[in-house]
Structures are given as structure tokens and as C-alpha cells.
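Dear colleague,

Please find the structure below for your records. My notes on it follow directly after.

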Amino acid sequence: MAGRARPAERIALSAARDREAILYQFSSHEVQLITADLIGTEPITATGNISYEDADTTVLQFLGFNTARAPFQDSAARRALGLGINRETLVSAVLSGHARAAQFPVSPVSPLYPAELESLYSYDDFAAAMEAAGLNTGRTRTVTLLVNQENTFKASAAEHIAQALSDFDLQIQVEALPWEEYAAALAAGNFDLYYGEVRLPANWDLSALVGTGGSLNYGGWADPQTEQLLAACAAAEDRAAALSDLCAYLQQQAPILPLCFKSSSVLYQTGAVSGLTPTAAEPFYDLPSCQIDLRQP
């Protein structure tokens with residue numbers, strides 16, 4: 001398509017055997033657009049005159065608690081830690097802006113996100129909540145935060161959070177494990193906290209994550225009220241109201257602490273395209289409406 005007047009009449013896909021081949025094709029301008037997870041386990045590190053557009057996803061990153069043992073059997077302790085996380089700073093400073101801060105397990109770009117329940121980050125509120133939870137006595141206790149070591153962004157995020165939350169009695173120690181060991185520790189309940197990631201369904205069904213016996217409920221959360229609210233969401237005609245009720249309850253009980261929803265990215269040679277509006281399902285969504293100029297430099 002090099003040299004063709006815009007818009008292009010045909011968009012061709014190019015086969016690549018591996019990540020290195022993709023990067024070579026992109027850096028040599030054989031291809032002008034690629035998809036990438038810029039905060040993934042093996043992020044693309046393209047150089048040159050490159051631009052990108054992010055697309056929102058349903059991939060939630062969160063802190064999970066072992067709710068079956070102290071100190072996180074206590075909802076006050078879990079809730080207090082939630083007040084100590086500046087999610088906006090986490091996203092901008094650690095995740096390079098490739099995510100959207102979220103206080104609930106619903107994407108903030110969804111019309112179902114209960115923005116009215118959000119609270120602004122305040123260190124004073126965090127300190128007061130730790131005091132109220134009995135975690136400002138001067139008697140320190142070390143708890144462990146597990147994270148998958150293969151993803152440097154997650155490991156850095158875990159360290160950032162641990163530092164922010166260790167001002168009072170709880171001293172949070174990050175333990176970065178290889179994936180198989182990390183997964184085994186979660187399955188065995190051998191943790192205090194963990195840095196998790198899950199792709200939620202488009203209907204925001206949270207049963208696997210916080211439902212009793214849920215396949216992703218590693219923290220052992222089992223609560224009749226949560227079950228009732230999950231069932232109400234599944235049956236509700238007014239899904240916004242039902243989800244708001246569920247999120248309000250999860251905010252108080254804090255079996256997990258939502259952090260952000262990841263973005264996926266489309267990278268392109270600067271100037272090759274304008275007006276790109278990718279989505280998670282269709283990274284080249286409505287490409288015919290874009291202005292395209294794929295002339296080789």
C-alpha cells in the first residue's frame with residue numbers, strides 16, 4: 001500500500017512467526033500498525049517515530065486478601081488498606097498510563113460504573129481508618145504480598161503499593177514468584193495478599209471472583225449477603241441499580257481491592273493514520289473512516 005493515496009483501498013495482514021519478527025516488520029515499515037500489551041509480561045519495545053492509541057478492556061487488576069486468617073479476616077483492616085492506595089498515581093507513575101484507575105470491579109468507562117460511590121484519595125482518611133481498625137499501635141507485623149515475577153509492571157506496582165501501605169502496624173513485604181509457584185501458592189491459600197489480574201465478562205458477573213467457591217476466589221471469601229447481591233444482579237432488570245448495590249457492599253467488606261482496568265494498545269508509524277479509535281475486541285475498529293497515508297519514509 002506504499003505510496004497509495006489515502007484512504008487506502010485495501011488493508012493487508014502480514015504473517016509473523018514470533019515477537020521478534022513482528023518488531024522487525026514494524027521497525028522496517030513493512031507493517032505500519034500492530035497491537036500490543038504495553039504493560040504485559042513481554043511488552044513491545046518499539047523505537048522510532050511511533051504513536052499509539054489505547055483501547056479499554058475488561059481486564060481488572062486488583063489486590064486480593066486471604067480472608068480466612070488474621071489480620072484480613074477483619075473487614076475494617078481490608079477496607080483501611082483500600083483507602084491507602086492512590087490509584088491514579090499507580091496508573092500514571094507505575095503503569096505508564098496504560099490503564100484506568102477503578103475503585104470497583106466494573107470498568108469506569110461502563111455506564112454501569114457507580115461513580116457516585118467513589119471517594120477521593122486522602123492520606124488522612126487512610127490514617128484514620130488504620131487507627132479505627134486497631135492498626136496504629138506501634139506493634140508492627142509483617143504480611144506478604146504475592147506477585148508474579150515475570151511481569152515487571154505488576155512487580156513494580158506491588159512494590160509501590162507495599163510502600164504506600166506500610167506506614168502503620170502492617171509492614172507489607174512483596175514476594176515475587178515465578179508463575180507456577182505463584183499460582184500454586186494462591187491455590188493453597190499460602191498468602192496474606194496477592195496482586196491479581198482477571199478478564200471479567202462483559203456483563204460484569206463477579207461470581208467467579210467473589211462468589212462462594214468461585215473459581216477465582218482464592219481469598220476464601222464466603223458471605224451470604226454477597227451471594228444474595230450476586231443473584232440479584234443476575235436477575236435484575238435494572239442492572240445499574242443492582243450492580244451499584246453490590247459494589248457498595250463490596251466497598252464496605254473489601255474482599256478484594258480493585259485497582260485499575262488495563263488498556264490494550266495499537267501502535268502505528270506516526271503519520272500513517274489519524275482518527276484511529278480502537279476497541280479491545282476490534283483494534284482497528286472503523287478503519288475505513290480513518291485518514292490513512294502509508295507512504296514509506
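A254 sits in the loop between helix 9 (239-253) and strand 7 (256-269); helices (H or I, at least four residues) and strands (E, at least two) are DSSP runs, numbered from the N terminus. Although not a glycine, A254 has a positive phi of about 50 degrees. With a relative accessible area of 1%, A254 is buried, where buried means under 20%, exposed over 50% and partly exposed in between (1.4 Å probe, protein chains only).

This is a predicted model, in which local features need pLDDT of at least 70 and side-chain atom pairs count only at pLDDT 80 or more, while totals for chains, interfaces and linings use all residues. Residues are numbered from 1 along each chain as its sequence is written, and side-chain values use heavy atoms, with hydrogens and water left out.

S96 also has a positive phi, of about 55 degrees, and is not a glycine. S96 is found in the loop between helix 3 (87-94) and strand 3 (99-101) and is partly exposed, at 44% relative accessible area.

A cis peptide bond runs from A70 to P71, with omega near 5 degrees. P71 belongs to the loop between strand 2 (50-65) and helix 2 (75-83).

With kind regards
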